[in-house]
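Trainee: Could you walk me through a few features of a protein model, one at a time? I would like to learn how to read each of them.

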Amino acid sequence: MPPEPPSADAVRTEVDALTVEAPHSMNGYSRAKFPHWIKQYGQCDTREVVLSRDGTNVTQDSMCRATSGSWYSPYDDKSLDSASKVDIDHMVPLANAWRSGADTWTTDRRKAFANDLDNPQLFAVSAASNRSKGDQSPDQWAPPNTDFWCGYSRAWGHMKSIYGLKVTQPEKEKLVAMLQTCD
């Protein structure tokens, strides 16, 4: 399981303190500016670590590739029986982070963000839900599984807060509304 985000009340405070501003330009953006799936432990890259962490009965080969196991995708409430059906989602997508302030970061900070195993940034989810989400913020896309809105908004708001990223006004309003599902 991903690291647990702070409580809804704590994240409400974090979201309230976020700076609201218009999205930055996508000029200069490239996923390559966020080196991701770096080696974390021996041969294990970030993707394989998350597959192992978030799965059940996961077996890995000598290169850390998941060869069997099962995964639960909280975004769409689906069970998956093959790693090939699982995407590792960046809770706050890389392009969204770029538009929210990561355009001013160093490559090392972007690399840390893209591979953050200590905070609720990386989630094993169905490939379909990850591709549906794309780089959209919560006001543009929210998990079809509304039972996960509380966890989603807590993780999103916390990641924006700890990395000092900005939000748009509609994004902030949707986070506030989604946090109400925690009550």
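This is a predicted model: local features need pLDDT of at least 70, side-chain atom pairs count only at pLDDT 80 or more; totals for chains, interfaces and linings use all residues.

Trainee: Let us begin with the helices. At what angle do α6 and α7 pack, and how far apart are their axes?

Mentor: Helix α6 covers residues 149-162 and helix α7 covers residues 169-179; the angle between them is about 135 degrees, and their axes lie 8 Å apart.

Trainee: Which word describes how α6 lies relative to α7?

Mentor: An angle over 145 degrees would count as roughly antiparallel, and 65 to 115 as roughly perpendicular. The packing angle here is about 135 degrees, which makes α6 oblique to α7. As for handedness, the crossing of α6 past α7 is left-handed.

Trainee: Which residues of α6 and α7 meet?

Mentor: On the α6 side they are W149, C150, Y152, S153, R154, W156, G157 and K160, and their partners in α7 are E171, K174, L175, M178 and L179. Sorted by class, this contact of α6 with α7 holds seven nonpolar, two polar and four charged residues.

Trainee: Now the rings. How many aromatic pairs are there?

Mentor: Rings pair if their centres lie within 6.5 Å, and by that rule the count is 15 aromatic pairs. Take Y75 and F123: their ring centres are 6.5 Å apart and their planes meet at 35 degrees, so this pair is tilted.

Trainee: Where in the chain do Y75 and F123 sit?

Mentor: They link distant parts of the chain, 48 residues apart: Y75 is in the loop between β4 (66-73) and β5 (78-80), while F123 belongs to strand β7 (residues 122-126).

Trainee: Is Y75 buried or exposed, and is F123 buried or exposed?

Mentor: Buried means under 20% relative accessible area. Y75 has 0% relative accessibility, so Y75 is buried; F123, at 7%, is buried too. Elsewhere, Y29, F34, W98, W105, F113 and Y163 make up one aromatic cluster.

Trainee: Finally, the backbone. What is the phi of N57, and what is the phi of C64?

Mentor: Look for positive phi in residues other than glycine. N57 has a phi near 55 degrees, and C64 has one near 75 degrees.

Trainee: Where are N57 and C64 found?

Mentor: N57 is part of strand β3 (residues 55-60) and is exposed, with 67% relative accessibility. C64 lies in the loop between β3 and β4, and is buried at a relative accessible area of 9%.

Technical notes:
Residues are numbered from 1 along each chain as its sequence is written. Side-chain values use heavy atoms; hydrogens and water are left out. Axes are lines fitted to C-alpha atoms, for helices over the stretch in contact, and angles run from 0 to 180 degrees between N-to-C directions. Helices (H or I, at least four residues) and strands (E, at least two) are DSSP runs, numbered from the N terminus. Angles under 35 degrees count as roughly parallel, over 145 as roughly antiparallel, 65 to 115 as roughly perpendicular and the rest as oblique. A crossing is left-handed if the near helix is turned anticlockwise from the far one by less than a right angle, and right-handed if clockwise. Contact means heavy atoms within 4.5 Å. Ala, Val, Leu, Ile, Met, Phe, Trp, Tyr, Cys and Pro count as nonpolar, Asp, Glu, Lys and Arg as charged, and the others, Gly among them, as polar. Rings of Phe, Tyr and Trp (its six-membered ring) pair if their centres lie within 6.5 Å; planes under 30 degrees apart count as stacked, over 60 as edge-to-face and the rest as tilted. Buried means under 20% relative accessible area, exposed over 50%, partly exposed in between (1.4 Å probe, protein chains only).
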